[in-house]
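Dear colleague,

I am handing over the structure we spoke about, and my notes on its salt bridges follow below it. Please read them alongside the coordinates.

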Amino acid sequence: MNFNDFIESKPGLRYLFFGGKCGVGKTVVAAGAAQYFAERGKKTIISSTNPVHSLSSVFKVDIWGKGVQKLADNLYAVEFDISKTVEKYKAEMKEKLLAFIKTADIPVDPGPFLDIATTNPAFEEAAMFDDMVNLIIKNEFDVYVFDTAPVAHTYRLLGLSKVYDLWLTRLIKSREEALSLKAKLSFRKEKVVEEIKRDPVLQSALETRKRTEEAKKILTDNEKTAFFFVTLPLALPIAVIERFITWVKAFDIPVGGVVVNGVLPKTLLKDAVTSSYVINKLREQEGYLRTINEKFPSLVRAYIPLYETEVIGLDMVSKVANALADGGFNLV
Amino acid sequence: MAILDTQKAINMFKEFGIPISGVIVNQVYPTELLNDPSTPEFLKNRILMQQTHMKKIRELFGDMILGIVPMLDREPRGLEMIGKIASILYGGD
């Protein structure tokens, strides 16, 4: 089934994710998909969860950290400045930790705990995940296209929600136990029960869990969500998405399909080309295209040609949108 | 885009005081292809586009550029191809 047929077979599709190895053109393909929906009258936003922000380069407009920006009719984009979210996190965490230490009567300096809690590598992923969930929950768009970070980041991003959930369940449970003991032991029960209801640690943990649950529900909804894998017709990126697909499946995230980018059109041969360089390249590509079809049978949604110029600016992005719509099956 | 990313990375490394040894440019089309009459227009245009990027790279990174690896006519896999790259980069025997 080509890209067009796939999209038409899922009228409820709203959340599209694009992943793949570094440098395969995820951003370009994601941008093309966003434009595809925008051209069909859907109010569409493309957002990057990539720490190296590339939307600005593809659209040739500096949108970094500027919030949601309109690029064209029905087409919006946002590049989150993660450092802001991380700073906000640190402040919140400090507040909670202090509150926790106060209620638990632990005479300890929270400084080192804060440092440990906020300088671990998952922190940025958590911030990105949060920004992403916020965008979804605000519900201001018809279609959301996420240009995800390279595989390792996305994997941690996906894994995070599971770990988050375990950690939150644990936190909520121990907090409830502690608070109920406190209520039992106190003389003025009513006042303490009131206090417990306002407990900041418990409140924020419950709130966070509600949000991750909502996000998880959306991410695993087969009608609303699809994860696309972008590859080049080369061995390494193919191997990467092969692994990637099994991970995404393990998290119950619906697989949308594979998009092959940077395809040398075989029409190059028809131009009576005798260039051995081109012939070798095409022969190599043919082998990899066969591998792709063997490894991901009936999952290829589109072949995007290698263009004469780099995909930069709306005109080129529209070309990619057309290529997605066309499927490019005649290129190979 | 890769040029921008490299620039960002270099600045980040500098901030952390990590020494930078240099820049290696990968997947550079051999310029001989431009003189080869059998090279299709399509590829020639890509090479010309790349040459403007190379100019930018030279401007930005200058003597930090330690090596240039050509876009070989197939993906470098296996010891033989890796050896080819090694000799291009490090001038093996």
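Over all chains, the structure holds five salt bridges, a salt bridge being a side-chain nitrogen of Lys or Arg within 4 Å of a carboxyl oxygen of Asp or Glu. This is a predicted model, in which local features need pLDDT of at least 70 and side-chain atom pairs count only at pLDDT 80 or more, while totals for chains, interfaces and linings use all residues. Residues are numbered from 1 along each chain as its sequence is written, chains are lettered from A and ligands numbered from 1 in the order in which they are written, and side-chain values use heavy atoms, with hydrogens and water left out.

Lys66(A) is partly exposed at 46% relative accessible area, and Asp62(A) is partly exposed at 48%, where partly exposed lies between buried (under 20%) and exposed (over 50%), computed with a 1.4 Å probe on protein chains only.

Another salt bridge joins Lys224(A) to Asp221(A), at 4.0 Å from N to O; here Lys224(A) is partly exposed at 34%, and Asp221(A) is partly exposed at 24%.

Lys281(A) and Glu284(A) also form a salt bridge, with 4.0 Å between the closest N and O atoms. Both residues lie in helix 12 (residues 276-295) of chain A, three residues apart, about one turn of the helix, helices being DSSP runs of H or I with at least four residues, numbered from the N terminus. Lys281(A) counts as buried at 15% relative accessibility, and Glu284(A) is buried at 14%.

Best regards

Technical notes
Helix = DSSP H or I, 4+ residues; strand = E, 2+ residues; numbered from the N terminus.
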